[in-house]
Amino acid sequence: MSTFRTSFPRSADEAADALRRVLAANGTPLVVGGGTLAVPSLSRGELTPTDVVDLGRTGLDRIELTTHAVEIGAQVNYQQLLDSPVVTARLPLLHQLCAGITGGIQIRHQGTVAGALCAARPFSDAPAALVALDAQVFVRSADASRIVPAEKFLRGAEENDLGPGEFVAGIRLPLGERRAGYVKLKFAESSWPIMTAAAMLPGLVVLGGVARVPVRVVLPPRATAADVRAAVAASLESVPSGHRWSDLRAGWDYRRRVAPEIAVRAFIRAEGTPA
């Protein structure tokens, strides 16, 4: 493991200022939220920052219901979301995602949706679900704040929209009267997903793990399971070859073949939930 300095800012403003100071000193900062992805990478020497900015004391751990949305801070972990009556009642897709997070209670209490979004791993739970939810990402720096749709924030495999000195302070999830279903395919209980499917009905399924970024599949009105299979198959055929996702767990052709069925399972689950 490399050596580095660690700061523990007490607010989002202090975190932004800490990043500014590191960059001004020509340092290499690393922002750590829950640390479930960053800390193992530090231990393996895959990341070699000069400074770690730990968000753990910033107070960005709140879930707030507004008139038209639910806003979650960057430090809100999966267990908080799972225990939240607001999330259970108003964001069933997110609740289903959190209930199935791999890694057990330790990961649920430490891992964050914001961290998973920043990691931008195509096969992980968060990206496709956040795109299906039309999530908006609050990006902070010492100089400015901006809001980016999750679909644009995910720029590629393990590539996000953050610039130097920027970090994610929170996520806004619009409320709506739509039925939701989330399903993922994985080979073992403790493994990463092969692919994910997030259905928001009527009209939409978003696939993760089949391309470098989530694939949005628009469904016809009053869609049936057969319609879902056909729409998914057609959408995947249009994914450019350079954007198709393969890794050690499965090649793209396998993902292409199983995707329609996983999407249908998410569709059926959504049909069985109240709007």
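## Sheets, a helix pair and a domain interface

Biologist: What makes the three strands ordered S1-S3-S2 an open sheet with parallel pairing?

Modeller: This is a predicted model. In it, the order is S1-S3-S2, and the pairing is parallel. Neighbouring strands are turned by 25° against each other on average, direction ignored.

Biologist: How do you know that S2 and S3 pair?

Modeller: A pair needs at least two bridges. Four bridges join S2 to S3 (residues 51-54), and the two run parallel. Therefore they count as a pair. Proline 29 stands opposite aspartate 51 in S3.

Biologist: And what makes S4 and S5 a pair?

Modeller: The cut-off is again at least two bridges. S4 and S5 (residues 69-73) have three, in the antiparallel sense, so they pair. Glutamate 64 stands opposite glutamate 71 in S5.

Biologist: Which sheet do they belong to?

Modeller: An open sheet of five strands, in the order S4-S5-S10-S6-S7, with antiparallel pairing. Its edge strands are S4 (63-65) and S7 (145-149). Here too, neighbouring strands are turned by 25° on average, direction ignored. Helix H1 (residues 12-24) packs on this sheet and touches S6 (136-140) and S10 (167-174). The direction of H1 makes about 140° with that of S10.

Biologist: Why is the contact of H10 with H11 said to have no polar residues?

Modeller: The helices are H10 (residues 225-237) and H11 (residues 252-271). In H10, the contact residues include Val228, Val232 and Leu236; in H11, Ala259, Val264 and Phe267 are among them. Val, Leu, Ala and Phe count as nonpolar, and Arg and Glu as charged. The division is 10 nonpolar, no polar and four charged.

Biologist: How do the two axes lie?

Modeller: They come within 9 Å and cross at roughly 150°. The crossing is right-handed.

Biologist: How do you know that domain 1 and domain 2 are in contact?

Modeller: The domain assignment gives domain 1 as 5-53 and domain 2 as 63-174. Contact means heavy atoms within 4.5 Å. By that cut-off, 12 residues of domain 1 are in contact with 15 residues of domain 2, so the domains touch. Their centres, taken over C-alpha atoms, are 19 Å apart.

Biologist: What area is buried there?

Modeller: About 1100 Å², with 68% from carbon and sulfur atoms. In domain 1, Gly34, Thr36 and Leu37 lose the most area to domain 2, together 38% of what that side buries.

Definitions and conventions: Residues are numbered from 1 along each chain as its sequence is written. This is a predicted model: local features need pLDDT of at least 70, side-chain atom pairs count only at pLDDT 80 or more; totals for chains, interfaces and linings use all residues. Side-chain values use heavy atoms; hydrogens and water are left out. Axes are lines fitted to C-alpha atoms, for helices over the stretch in contact, and angles run from 0 to 180 degrees between N-to-C directions. A crossing is left-handed if the near helix is turned anticlockwise from the far one by less than a right angle, and right-handed if clockwise. Domain bounds come from an automatic or database domain assignment. Buried area is the accessible area (1.4 Å probe) that two parts lose on being put together, summed over both.
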